[in-house]
Structure formats: C-alpha cells, structure tokens
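Me: Could you take a close look at one part of this model for me, the charged pairs and what surrounds them? I'd enjoy a connected walk through the details.

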Amino acid sequence: MRIGTRLASLAMVVTMLCWSSPSQTYNETSGRTSSPSVLQAERDLFTSINQARRTQGLPALRWNDSLAIAARRHAQVMAERGTAQHGFEGEPSLSARAKEAGARFTWLSENVTQGPSPEFIHLQFMKSPPHRANILDTDMDSIGVGVVEHGGQLFAVEDFSQAR
C-alpha cells in the first residue's frame, strides 16, 4: 500500500512540474533552450524570406539545420554582447562557424540585426540593399535562421548558402 501511495505522489509531482514549467524545448545540438515564441520568430523569418523570393520569381530556400545551428550560436553571442555584428573578437568567422556546425557549402552570406519583432526585422532587412541582396541572391539555395531573445529584443541571424 505504501508503494502505491508513493507512486501516486510521485506521479502527481511530475504532473505538476510538467504543467507549471514554461513551455520550452532544449536543443542538444545548439545547446540552448528556446521558447515557443523564439522558435516561431525563426519560422516567421524563414517564411517571410521565401515569400519575398517568390514575389521576385525566385525559388524558395531550403531549411538547413546546420546553418540554423551556426545562426543560433552567433545570435546567442550577439545577445550576450547586446549588439548585432557579423563577428566579434575571439569568435570564429562565419565560414568557420558554419563548418563547425556541420554545414557544407560553396557560397555563404549572412544577415544580422536586432529588433522587437520578426516583422520589424524582416522589413529592416528588405530596406537595406546588402541584406535584401542576400535574401534575393539567386546563387543561394539554403538557409538557417537563429533568433535569441534578450532584454525585450530579438537578436536575429540569417545564414544563407549554396549547399554542396
């Protein structure tokens, strides 16, 4: 009888923990915990990029998990430093970050920024000629997007490649 009571108590504690903990997922490969809103922001940016490409008669980019890992890692560094930059002292280059994450590519480019929402971020990229050129680059066929939320800001990285 005691074992049954202990099991019932344990089951109740586990249920309470599941219901009371925030809804987050842990990605072992990128080593970070992501809230559903951050994952949604990544999906929203991916969708917006492909909509912009379709509007211009270009094929959609394929999602690349390795590029996404590299993008998320760099977004985390940007969030920790509180600024959006393509690289920081002591951090590997874009090419090295992508290779370290397992990406195989012929060409590679990157967009980075920070903002309050995916819509704002995408609009800023499309208003910037170099960022817009990356989004609409006909040589690129793959993308990984990484977003990290810090201090009410989204730090976003879009890594584009021509995969091999």
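Reply: Glutamate 42 and arginine 72 form a salt bridge, with their closest N and O atoms 2.8 Å apart; the term means a side-chain nitrogen of Lys or Arg within 4 Å of a carboxyl oxygen of Asp or Glu. This pair links distant parts of the chain, since glutamate 42 sits in helix α2 and arginine 72 in helix α3 (residues 65-81), 30 residues apart. Helices here are DSSP runs of H or I with at least four residues, strands are runs of E with at least two, and both are numbered from the N terminus. Glutamate 42 is buried at 2% relative accessibility, and arginine 72 is buried too, at 11%. Buried means under 20% relative accessible area, exposed over 50%, and partly exposed in between, using a 1.4 Å probe and protein chains only.

A word on the source: this is a predicted model, in which local features need pLDDT of at least 70 and side-chain atom pairs count only at pLDDT 80 or more, while totals for chains, interfaces and linings use all residues. Residues are numbered from 1 along each chain as its sequence is written, and side-chain values use heavy atoms, with hydrogens and water left out.

The whole structure holds five salt bridges. Another of them joins the side chains of arginine 62 and aspartate 141 at 3.7 Å, N to O. Arginine 62 lies in strand β3 and aspartate 141 in the loop between α6 (129-135) and β5, so this bridge ties together parts that are 79 residues apart in sequence. Aspartate 141 is partly exposed, at 22% relative accessibility.

Aspartate 141 also leads us to serine 142, as their side chains make a polar contact at 2.9 Å. Such a contact is a pair of N or O atoms within 3.5 Å; within protein, one must be able to donate a hydrogen and the other to accept it, and residues adjacent in sequence count only if both atoms are side-chain atoms. Serine 142 belongs to strand β5 (residues 142-150) and is buried, with 2% relative accessibility. Leaving aside residues up to four places away in sequence, serine 142 touches Leu61, Arg62, Asn64, Leu67, Asp159, Phe160, Ser161 and Ala163, where contact means heavy atoms within 4.5 Å.

Back among the charged residues, the side chains of arginine 97 and glutamate 91 meet in a salt bridge of 3.7 Å, N to O. Arginine 97 is buried at 7%, and glutamate 91 is buried at 17%. Through shared partners, salt bridges join Glu91, Arg97 and Glu110 into one network.

Now for the nonpolar side. A nonpolar core is a set of buried Ala, Val, Leu, Ile, Met, Phe, Trp, Tyr and Cys residues joined through side-chain atoms within 4.5 Å. The largest one has 19 residues, and Ile135, Val147 and Phe160 have the most contacts inside it. The elements giving two or more residues to this core are α2, α5 (118-127), β5 and β6 (153-163). Helix α2 gives the most, with five residues. Apart from this core lies another of nine residues, among them Ala71, Met78, Phe88 and Val157.
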